[in-house]
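This report describes selected features of the structure shown below.

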Amino acid sequence: MIDSHTHLDDVAYEKDREEIITALKAEGIDLVVNNSSDLESSKNSVELANKYSNIYACIGVHPHEAKTYSDDVEREIIELSKNEKVVAIGEIGLDYYYDNSPRDVQREVFERQIELADKLGKNIVIHSRDASQETFDILERAHEKYEFTALIHCYSQSVEMMHEYIKMGDYIALGGAVTFKNSKVPKEVAKEVPLDRLLLETDCPYMTPVPHRGKRNEPSYVKLVADYIANLRGITVDELVKKTDENTLRFFGI
């Protein structure tokens with residue numbers, strides 16, 4: 001199996017990071033894609049990818065940290081992107097729930113990084129919270145100007161919007177939230193998203209699936225997400241994993 005979205009550079013793994021990573025194969029996890037939130041975490045993600053053959057890196061600046069983006073940061077992101085283990089720009093997007101960066105700054109940095117991804121020939125991993133329509137509108141306009149494919153990480157928008165993303169050629173990633181008791185919309189999306197456009201993720205150490213909710217998330221818990229979605233769709237776990245792994249490799253060009 002593949003976990004398409006981790007944050008193994010997070011301080012939550014400070015004490016046992018190597019143990020967690022070296023145990024991945026035994027846990028049935030073939031590879032993970034580590035995502036970044038700012039320049040420092042981008043460097044850390046690349047360092048992890050260089051150290052471990054089963055880790056790939058996404059680099060970029062999260063909307064929370066958009067206020068830290070600059071020409072100098074962009075130049076360093078460009079340098080990091082030259083590493084063969086860097087497979088996408090992400091996670092980037094909009095977060096109007098916390099507003100850790102001003103909204104106009106978030107929009108500007110989001111659009112700059114989409115343009116950057118086009119120049120670098122990379123796909124993009126999207127974070128969107130409480131900004132569904134604006135995220136979609138920005139991506140719709142960008143698709144008319146640039147060559148890229150987007151992966152909507154931790155998808156939480158409507159089924160109708162999911163279909164619109166699919167029409168644009170984008171992908172949907174689902175994680176632990178689909179197992180939550182009251183997560184009605186993610187469950188509907190999990191049942192309806194075309195199987196050739198679905199990726200599985202944990203977003204570890206966050207968004208821990210049931211029955212471990214409230215504890216630190218780990219890449220091995222992506223199996224719980226797979227089990228849950230396979231059951232929702234009435235297919236075998238093997239069938240689901242085969243397709244989602246193929247999708248992950250295709251999207252990231254691995």
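## Residue Q113

Q113 counts as buried because its relative accessibility is 1%, where buried means under 20% relative accessible area and exposed over 50% (1.4 Å probe, protein chains only). The residue belongs to helix α4, residues 103-120; helices (H or I, at least four residues) and strands (E, at least two) are DSSP runs, numbered from the N terminus. Apart from neighbours within four places in sequence, Q113 is in contact (heavy atoms within 4.5 Å) with G60, V61, Y69, I89 and I92.

## Basis of the model

The model is predicted: local features need pLDDT of at least 70 and side-chain atom pairs pLDDT 80 or more, whereas totals for chains, interfaces and linings use all residues. Residues are numbered from 1 along each chain as its sequence is written, and side-chain values use heavy atoms, with hydrogens and water left out.

## Helix α6

Helix α6 (residues 159-167) has V159, M161, M162, Y165 and I166 buried. Viewed down the axis of α6, these buried residues fall within an arc of 155 degrees (taken from the directions from the helix axis to the C-beta atoms), so they line one face of the helix. The exposed residues E160 and K167 are carried on the face turned away from the buried side.

The cover over the buried residues of α6 includes α5 (132-145), β6 (150-152), β7 (171-174) and α7 (184-192). After α6 comes G169, with a positive phi near 90 degrees.
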